[in-house]
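Here is a short report on a protein model. Look over the sequence and the structure, then read on.

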Amino acid sequence: MRKNKSISSDTVIKVVEEVMERSVFDHLHRRYREYNEVRQIAYYCLRKYTNLSLNEIARIFKKNHASILHGVRNIEGFLDNDKRMQDIIAKIHSEIIIYMPSAKDYVNTVIEEIETTHIMLEEI
(Lines give C-alpha, C1' and ligand atoms only; values in the text may rest on other atoms or scores of the structure.)
Protein backbone atom coordinates (compact mmCIF):
# COMPACT_ATOMS: atom_id res chain seq x y z
CA MET A 1 0.00 0.00 0.00
CA ARG A 2 1.27 3.48 -0.85
CA LYS A 3 1.92 6.07 1.83
CA ASN A 4 -0.70 8.68 2.60
CA LYS A 5 0.32 11.79 0.71
CA SER A 6 -1.93 14.76 1.31
CA ILE A 7 -1.20 17.10 -1.56
CA SER A 8 -3.69 17.75 -4.33
CA SER A 9 -3.18 16.94 -7.99
CA ASP A 10 -4.04 20.56 -8.80
CA THR A 11 -1.16 21.76 -6.62
CA VAL A 12 1.31 19.37 -8.24
CA ILE A 13 0.20 20.38 -11.75
CA LYS A 14 0.38 24.07 -10.83
CA VAL A 15 3.96 23.72 -9.54
CA VAL A 16 5.07 21.74 -12.61
CA GLU A 17 3.57 24.39 -14.89
CA GLU A 18 5.25 27.21 -12.96
CA VAL A 19 8.67 25.57 -12.99
CA MET A 20 8.44 24.48 -16.62
CA GLU A 21 6.75 27.73 -17.73
CA ARG A 22 4.33 25.76 -19.87
CA SER A 23 0.89 24.22 -19.42
CA VAL A 24 0.78 20.46 -19.03
CA PHE A 25 -2.40 20.49 -21.12
CA ASP A 26 -0.97 22.29 -24.18
CA HIS A 27 -1.08 20.15 -27.32
CA LEU A 28 -2.44 17.25 -25.28
CA HIS A 29 -2.71 14.89 -28.24
CA ARG A 30 0.40 16.01 -30.12
CA ARG A 31 3.83 14.45 -29.93
CA TYR A 32 5.96 17.56 -29.66
CA ARG A 33 8.97 16.75 -27.49
CA GLU A 34 8.81 19.92 -25.38
CA TYR A 35 5.13 19.32 -24.55
CA ASN A 36 5.56 15.59 -23.95
CA GLU A 37 8.39 16.27 -21.54
CA VAL A 38 6.27 18.64 -19.45
CA ARG A 39 3.41 16.13 -19.37
CA GLN A 40 5.73 13.26 -18.44
CA ILE A 41 7.22 15.32 -15.63
CA ALA A 42 3.67 15.96 -14.40
CA TYR A 43 2.90 12.21 -14.55
CA TYR A 44 6.06 11.46 -12.57
CA CYS A 45 5.32 14.11 -9.94
CA LEU A 46 1.69 13.08 -9.58
CA ARG A 47 2.82 9.51 -8.87
CA LYS A 48 5.50 10.69 -6.46
CA TYR A 49 3.54 13.28 -4.47
CA THR A 50 -0.06 12.04 -4.53
CA ASN A 51 -1.92 8.81 -3.90
CA LEU A 52 -3.35 8.79 -7.42
CA SER A 53 -3.27 5.53 -9.35
CA LEU A 54 -2.08 5.34 -12.95
CA ASN A 55 -5.73 5.19 -14.07
CA GLU A 56 -6.64 8.28 -12.05
CA ILE A 57 -3.74 10.23 -13.55
CA ALA A 58 -4.71 8.95 -16.99
CA ARG A 59 -8.23 10.34 -16.57
CA ILE A 60 -6.82 13.81 -15.78
CA PHE A 61 -4.90 13.84 -19.08
CA LYS A 62 -7.41 11.83 -21.15
CA LYS A 63 -4.77 9.14 -21.71
CA ASN A 64 -4.56 5.47 -20.82
CA HIS A 65 -2.65 4.07 -17.86
CA ALA A 66 0.07 2.61 -20.11
CA SER A 67 0.91 6.10 -21.44
CA ILE A 68 1.25 7.35 -17.87
CA LEU A 69 3.46 4.42 -16.88
CA HIS A 70 5.63 4.97 -19.96
CA GLY A 71 6.02 8.65 -19.08
CA VAL A 72 6.89 7.93 -15.44
CA ARG A 73 9.50 5.37 -16.49
CA ASN A 74 10.91 7.80 -19.06
CA ILE A 75 11.50 10.43 -16.39
CA GLU A 76 12.96 7.85 -14.00
CA GLY A 77 15.37 6.84 -16.77
CA PHE A 78 16.41 10.44 -17.38
CA LEU A 79 17.01 10.96 -13.66
CA ASP A 80 19.76 8.33 -13.72
CA ASN A 81 22.10 10.36 -15.91
CA ASP A 82 20.54 13.63 -17.09
CA LYS A 83 21.70 16.58 -14.95
CA ARG A 84 19.15 18.91 -16.53
CA MET A 85 16.28 16.59 -15.58
CA GLN A 86 17.70 16.14 -12.08
CA ASP A 87 17.74 19.93 -11.68
CA ILE A 88 14.15 20.27 -12.94
CA ILE A 89 12.83 17.61 -10.56
CA ALA A 90 14.85 19.10 -7.66
CA LYS A 91 13.32 22.53 -8.37
CA ILE A 92 9.81 21.07 -8.51
CA HIS A 93 10.46 19.16 -5.27
CA SER A 94 11.64 22.33 -3.50
CA GLU A 95 8.42 24.09 -4.58
CA ILE A 96 6.10 21.19 -3.73
CA ILE A 97 7.36 20.67 -0.19
CA ILE A 98 6.09 24.15 0.65
CA TYR A 99 2.55 22.78 0.16
CA MET A 100 3.08 19.55 2.06
CA PRO A 101 1.79 19.48 5.62
CA SER A 102 4.33 18.86 8.36
CA ALA A 103 4.20 15.62 10.32
CA LYS A 104 2.90 17.57 13.33
CA ASP A 105 0.05 19.05 11.25
CA TYR A 106 -0.81 15.58 9.95
CA VAL A 107 -0.89 14.08 13.45
CA ASN A 108 -3.08 16.94 14.72
CA THR A 109 -5.50 16.40 11.83
CA VAL A 110 -5.73 12.68 12.58
CA ILE A 111 -6.31 13.39 16.28
CA GLU A 112 -9.09 15.87 15.42
CA GLU A 113 -10.74 13.30 13.15
CA ILE A 114 -10.58 10.64 15.88
CA GLU A 115 -12.03 13.02 18.47
CA THR A 116 -14.83 14.06 16.10
CA THR A 117 -15.65 10.43 15.35
CA HIS A 118 -15.59 9.58 19.08
CA ILE A 119 -18.00 12.45 19.88
CA MET A 120 -20.32 11.37 17.07
CA LEU A 121 -20.30 7.78 18.37
CA GLU A 122 -21.11 8.92 21.91
CA GLU A 123 -24.17 10.77 20.59
CA ILE A 124 -25.53 7.61 19.04
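## Starting point: arginine 47

Arginine 47 sits in helix α2. Helices here are DSSP runs of H or I with at least four residues, strands are runs of E with at least two, and both are numbered from the N terminus. With a relative accessibility of 25%, arginine 47 counts as partly exposed. Buried means under 20% relative accessible area, exposed means over 50%, and partly exposed lies in between (1.4 Å probe, protein chains only). Isoleucine 68 is 21 residues away from arginine 47 along the chain, and their C-alpha atoms are 9.4 Å apart.

## About the model

This is a predicted model, where local features need pLDDT of at least 70 and side-chain atom pairs count only at pLDDT 80 or more, while totals for chains, interfaces and linings use all residues. Residues are numbered from 1 along each chain as its sequence is written, and side-chain values use heavy atoms, with hydrogens and water left out.

## Overall build

The protein has six helices and zero strands. Its pattern along the sequence is α-α-α-α-α-α. Of its 124 residues, 29% count as buried.

Contact means heavy atoms within 4.5 Å. Take the contacts in the protein with a separation of 6 or more: residues 24 or more positions apart account for 62% of them.

## How α1 meets α2

Two packed helices are described by the angle between their axes and the distance between the axes. Helix α1 covers residues 9-20 and helix α2 covers residues 33-49; they pack at an angle of about 140°, with axes 10 Å apart. Axes are lines fitted to C-alpha atoms, for helices over the stretch in contact, and angles run from 0 to 180 degrees between N-to-C directions. The two helices are therefore oblique to each other. Angles under 35 degrees count as roughly parallel, over 145 as roughly antiparallel, 65 to 115 as roughly perpendicular and the rest as oblique.

Which residues of α1 make the contact? They are Ser9, Val12, Ile13, Val16 and Met20. From α2 come Glu37, Val38, Ile41, Ala42, Cys45, Leu46 and Tyr49.

## The nonpolar core

The largest nonpolar core has 28 residues. Such a core is a set of buried Ala, Val, Leu, Ile, Met, Phe, Trp, Tyr and Cys residues joined through side-chain atoms within 4.5 Å. Val12, Val16, Ile41, Cys45, Phe61 and Ile92 have the most contacts inside it. Helix α2 gives the largest share, eight residues.

Cysteine 45 touches Val12, Val16, Thr50, Ile89 and Ile92, leaving aside its neighbours within four places in sequence.
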